[in-house]
Amino acid sequence: MASAQQIETGGAEPAAEISEDDLFDVLANQRRRFAVHLLKREPDDAVEIGEMAEQIAAWENGIDTAEISSSERKRVYTALQQSHLPKMDEAGVVEFNKARGVVEPTPALTDVDVYLDVVEGREIPWSEYYLGLSGVAAALVSAVWVGVWPFTLLPEMAWTLAIVVAFAFSALAHKYYTAEMEVGRGEEPPEVGDK
């Protein structure tokens, strides 16, 4: 389940400014997130609405594009054309040419990195993990400071090193995880793997 979105603007200011509210509004719908993923995979190319509808229908149904029915494709196509793409165009995320049936990402979209915090099953969000790790570190420091056995068996510097290693390892794991959850990276959107 996608529980939150983090937004980071990369490098220079985007050519067309997108407000954070507009971007969150665009990302509030799974079909629009799938469209963003598809466009970020091919940032220099225009995508025909038919191709987009076909791929999104396949992702929604967890099947290959060759297996989707015409009704599944038409349902997505209609929703994209009448609702989602005009809304994305109005927000400045895409340029949607309805007459030609072509969608292009704007510079503002290509300059924004979007990550999904996907939490499956019994997993905990990273924010709760770091709170727990901080609590354990604080308890460990307190036990060493007070001189509780067995924490007196190792020097204070060893415990300090253990805490630093735990946070460094956690930060590396988190960095790898968020890179995998970046919208537009990989063949499928991050949400498709959690169905």
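Predicted model: local features only at pLDDT ≥ 70, side-chain atom pairs only at ≥ 80, totals over all residues.
Is Glu54 buried, partly exposed or exposed? Glu54 turns out to be partly exposed, with a relative accessible area of 30%, and its side chain meets that of Arg73 in a salt bridge, at 3.8 Å from N to O. Arg73 belongs to helix α4 and Glu54 to helix α3, so this pair ties together parts that lie 19 residues apart in sequence. Arg73 is partly exposed as well, at 29% relative accessible area.

Let me step back to the whole chain for a moment. The protein chain has 195 residues, of which 36% count as buried, and it contains seven helices and five strands, arranged along the sequence as β-α-α-β-α-α-β-β-α-β-α-α. If we take the contacts with a separation of 6 or more, 67% of them are between residues 24 or more positions apart.

Now back to the two helices. The axes of α3, residues 49-61, and α4, residues 70-91, come within 8 Å and cross at roughly 115°, and the crossing is right-handed.

The structure holds three salt bridges, and another of them joins Glu60 to Arg31, with the closest N and O atoms 2.6 Å apart. Here Glu60 is in α3 and Arg31 in α2, residues 30-41, so the parts being tied together are 29 residues apart in sequence. Glu60 is partly exposed at 23% relative accessibility, whereas Arg31, at 16%, counts as buried, because the cut-off for buried is under 20%.

There is also a salt bridge between Lys87 and Asp25, at 3.2 Å between the closest N and O atoms; Lys87 lies in α4 and Asp25 in α1, residues 20-27, so this pair spans 62 residues of sequence. Lys87 is partly exposed at 32%, and Asp25 is partly exposed at 36%.

I will finish with the region around the end of α6. Val146 is in that helix, residues 126-146, and is exposed, at 61% relative accessible area; together with Trp145 and Val148 it makes a nonpolar surface patch of about 380 Å². The peptide bond from Trp149 to Pro150 is cis, with omega near 10°, and Pro150 sits in the loop between α6 and α7. Most peptide bonds are trans.

Key:
Residues numbered from 1 in each chain as written. Heavy atoms only, no water. Patch = residues over 30% accessible without salt bridge, like charges linked within 9 Å, V, L, I, M, F, W, Y side chains within 5 Å. Areas by Shrake-Rupley, 256 points an atom, 1.4 Å probe, with all protein chains shown as cover. Salt bridge = Lys/Arg side-chain N within 4 Å of Asp/Glu carboxyl O. Helix = DSSP H or I, 4+ residues; strand = E, 2+ residues; numbered from the N terminus. Buried < 20%, exposed > 50% of the residue type's maximum accessible area, 1.4 Å probe, protein only. Axes fitted to C-alpha atoms, helices over the stretch in contact; angles between N-to-C directions. Left-handed = near helix turned anticlockwise from the far one by under 90°. Contact = heavy atoms within 4.5 Å.
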